Amino acid sequence: MRIFILSFFLFSSLFAHKLNLFVYDEDSKVIASAYFASGSYCNECKVTVFDDKNNLIEEGLTNKEGEYIVKNPKAKLLIKVEALGGHAAQSEFEVKNLKHEKEKIQSHNLLEGLFAAFLLALIFLGLKRIKK
């Protein structure tokens, strides 16, 4: 029984310093939130952000609430957080609500609309010449 209780305290203290990383997007921002298993924030921890080709996009430190806002989000990200003592966590994240991605889609829709109008005008002119 003593061994069981002793091992319980040993394992629970091991997980107390486990670093957790939660990544989410909100209002076209990607936010990485890092915290320890004890619930305390991972403040001033090193954050590195990579794109889907494993190129370093940016790096910085978390704030007092353990949060880091990615300044230049891409469609797919790999975010790594490192705390003192060798504790680390990483998470892959796919951004679904990027503002500039929506703008690209809208510009594609505009170009497609202009191309469709041009084709309709050519068809109309071709039919008009055939009718004469």
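**Exercise 1. In E7, which residue is the bridge partner of Lys-76?**

The model is predicted: local features need pLDDT of at least 70, side-chain atom pairs count only at pLDDT 80 or more, and totals for chains, interfaces and linings use all residues. Residues are numbered from 1 along each chain as its sequence is written, and side-chain values use heavy atoms, with hydrogens and water left out.

Step 1. Locate the strands. E6 covers residues 76-82, and E7 covers residues 88-94. Strands (E, at least two residues) and helices (H or I, at least four) are DSSP runs, numbered from the N terminus.

Step 2. Check the pairing. E6 and E7 are antiparallel, over seven bridges. Two strands pair if DSSP finds at least two bridges between them.

Step 3. Read off the partner. Lys-76 is bridged to Glu-94 in E7.

Step 4. Look at the turn. The two strands form a hairpin with five residues between them. Gly-85 in this turn has a positive phi of about 85°.

**Exercise 2. Sort the side chains of E7 by face.**

Step 1. Recall the rule. In a regular strand, side chains alternate between the two faces of the sheet.

Step 2. Apply the cut-offs. Buried means under 20% relative accessible area, exposed over 50%, partly exposed in between (1.4 Å probe, protein chains only).

Step 3. Sort. Ala-89, Ser-91 and Phe-93 point to one face and are buried.

**Exercise 3. Describe the disulfide.**

Step 1. Count. The structure holds one disulfide, defined as a pair of cysteine sulfur atoms within 2.5 Å.

Step 2. Identify the partners. Cys-42 and Cys-45 have their sulfur atoms 1.9 Å apart.

Step 3. Assign the hand. The torsion about the S-S bond is about -105°, so the disulfide is left-handed.

Step 4. Check burial. Cys-42 is buried because its relative accessible area is 0%. Cys-45 is also buried, at 6%.

**Exercise 4. Classify Leu-119 by accessibility.**

Step 1. Leu-119 lies in helix H2 (residues 99-131).

Step 2. Classify. Its relative accessible area is 38%, so Leu-119 is partly exposed.
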